[in-house]
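I opened the notebook to record what I looked up, one entry at a time. The structure goes in first.

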Amino acid sequence: MMIVLIRQDPANNVNRWYAMSAQATLFAPHAVLCGWGRRGSAFTRWRIIPAESRAQADRLAAKIVAAKKKKGYQILYGDLDA
């Protein structure tokens, strides 16, 4: 599962992206990998949130997407059910 969200508001000079993936990592059997930054900028930030199971990682990803949508982000591509 890979989801990319964007938020654009030219009046307030907002042009941001947020990417998220639920996957296995070297440090945890399951985790949610999150990245964010300004579109067109080389500066990005990344965070890994460990989870105990794939189901827990999927629930956490869905919760994060819901919170981002409340802040005005729209899904550019990806699906929670993939």
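Is Ser21 buried or exposed? I found Ser21 buried, at 9% relative accessibility. Buried means under 20% relative accessible area, exposed means over 50%, and partly exposed is in between, with a 1.4 Å probe and protein chains only.

Before going on, I noted that this is a predicted model, in which local features need pLDDT of at least 70 and side-chain atom pairs count only at pLDDT 80 or more, while totals for chains, interfaces and linings use all residues. Residues are numbered from 1 along each chain as its sequence is written, and side-chain values use heavy atoms, with hydrogens and water left out.

Entry on Ser21. I placed Ser21 in strand β2, residues 14-23. Helices (H or I, at least four residues) and strands (E, at least two) are DSSP runs, numbered from the N terminus. I looked up what surrounds Ser21: leaving aside neighbours within four places in sequence, Ser21 is in contact with Met1, Met2, Ala31, Val32 and Leu33. Contact means heavy atoms within 4.5 Å. The side chain of Ser21 also makes a polar contact with the side chain of Gln23, at 2.8 Å. A polar contact is a pair of N or O atoms within 3.5 Å; within protein, one must be able to donate a hydrogen and the other to accept it, and residues adjacent in sequence count only if both atoms are side-chain atoms.

Entry on charges. Side chains of opposite charge can pair when their charged atoms come close. How many salt bridges does a search of the whole structure find? I got one. A salt bridge is a side-chain nitrogen of Lys or Arg within 4 Å of a carboxyl oxygen of Asp or Glu. Asp58 forms a salt bridge with Arg54, and their closest N and O atoms are 3.2 Å apart. I found both residues in helix α1 (residues 54-70), four residues apart, which is about one turn of the helix. Asp58 is partly exposed at 29%, and Arg54 is partly exposed at 33%.

I then checked Lys68, also found in helix α1. Lys68 is buried but has no salt bridge, and Asp9, the nearest side chain of opposite charge, is 15 Å away. Here Lys and Arg count as positive and Asp and Glu as negative; His and the chain ends are not counted. Beyond four places in sequence, Lys68 is in contact with Leu5, Tyr18 and Tyr73.

Entry on Asn13. I found Asn13 in the loop between β1 and β2, exposed at 56%. Asn13 is not a glycine, yet has a positive phi of about 55 degrees.
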